[in-house]
Amino acid sequence: MKIKTFIIIFTIAFNIISCNSSQKSKSQKVIAIGDSSMNALDWNGNYQGIIPCADCEGIKTQLTLNNDLTYILQTQYLGKEDSVFQATGKFSWNDKGNSITLDNENKQKYFVGENQVFHLNNNGNKITGDLAEKYILKKEKVELAGKYWKLFRLNGKDVKIESKEPNLTFEEANNRASGNGGCNQFSCSFELQESNRIKFGIVMSTKMACIGDWNENDFFQVLEKTTQYSLSENELFLQDDYETTLAIFKSDFFK
């Protein structure tokens, strides 16, 4: 008799638990898990382009997306403003994991594709028509050439001068490096070798006198001492044979 009673009680309890579990599963939102831009693409990085503008030559734009869901949006109104405007904040993914929304005033949306993002209209749709290609920002490539490298640190010290900013650019077509040392324009040859090794030739420069405490010869000597480099999307490190960092440059899209 006791065994029968136990079985009845157990059956009732099991049915109650099963019923509750079924009701909970119906009330919970089921989210499909699959490949999306958010989890299948290497989406973090810098995206650049020039977006059409109604009253200027174009809006030069760089959007930086970080893994911690923060962003940096930089814009410059070509032919109208020399200033570069910067906004920072957080962004969020949509339920499908293919578009993001910035937390700025306009709640700007972008569709995230492979190595590019599409500037969406106010309704969150891709822009169509003859200017559609102009609303795409391309991901910055990890490469030496085609970039303006601004000198940020030299021999372990931050570079802060009031005259022309020291910089470096590379032209792979003729293996020439050129730029400004802070006072004078300069150029030299360069040779890329295996294992990220690099060799700069003799630096040739104009002969303008420097004003202030800045000594551009320190910059030129670092180039001659450099034997290797390391590179990210927006930073260039020049090093010697002992892997000592001699100089750090940062890529500036707005130059």
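Let's start with a bond. Cys 53 and Cys 56 are joined by a disulfide, S to S 2.2 Å. By disulfide I mean a pair of cysteine sulfur atoms within 2.5 Å. The link of Cys 53 and Cys 56 is right-handed, with 130 degrees about the S-S bond. Both cysteines, Cys 53 and Cys 56, are buried. Buried is under 20% relative accessible area, exposed is over 50%, and partly exposed is in between, with a 1.4 Å probe and protein chains only.

A word on the source. This is a predicted model, where local features need pLDDT of at least 70 and side-chain atom pairs count only at pLDDT 80 or more, while totals for chains, interfaces and linings use all residues. Residues are numbered from 1 along each chain as its sequence is written, and side-chain values use heavy atoms, leaving out hydrogens and water.

How many disulfides does a search of the whole structure find? Two. The other pair is Cys 183 and Cys 210, with sulfur atoms 1.9 Å apart. This link of Cys 183 and Cys 210 is also right-handed, at 125 degrees about the S-S bond. Cys 183 sits in the loop between strands E12 and E13, and Cys 210 in the loop between strand E15 and helix H3, so the bond ties together parts 27 residues apart in sequence. Helices (H or I, at least four residues) and strands (E, at least two) are DSSP runs, numbered from the N terminus. Cys 183 is buried, at 12% relative accessible area. Cys 210 is partly exposed, at 31%.

Next, the barrel. Eight strands, E1-E2-E3-E4-E5-E6-E7-E8, form a closed barrel with antiparallel pairing. Strands count as paired if DSSP finds at least two bridges between them. Take E5 (residues 99–102) and E6 (residues 109–113): three bridges join these antiparallel strands. Ile 100 stands opposite Tyr 110 in E6.

Now the cores. A nonpolar core is a set of buried Ala, Val, Leu, Ile, Met, Phe, Trp, Tyr and Cys residues joined through side-chain atoms within 4.5 Å. Which members of the largest core touch the most other members? Phe 170, Phe 200, Phe 219 and Phe 249, out of 26 residues. Helix H3 gives the most to this core, four residues. Look at Phe 219. Not counting residues up to four places away in sequence, Phe 219 touches several residues, including Leu 151, Phe 186, Trp 214 and Phe 249. Contact here means heavy atoms within 4.5 Å. A second, separate core has 19 residues, among them Ile 51, Tyr 71, Phe 91 and Val 117.
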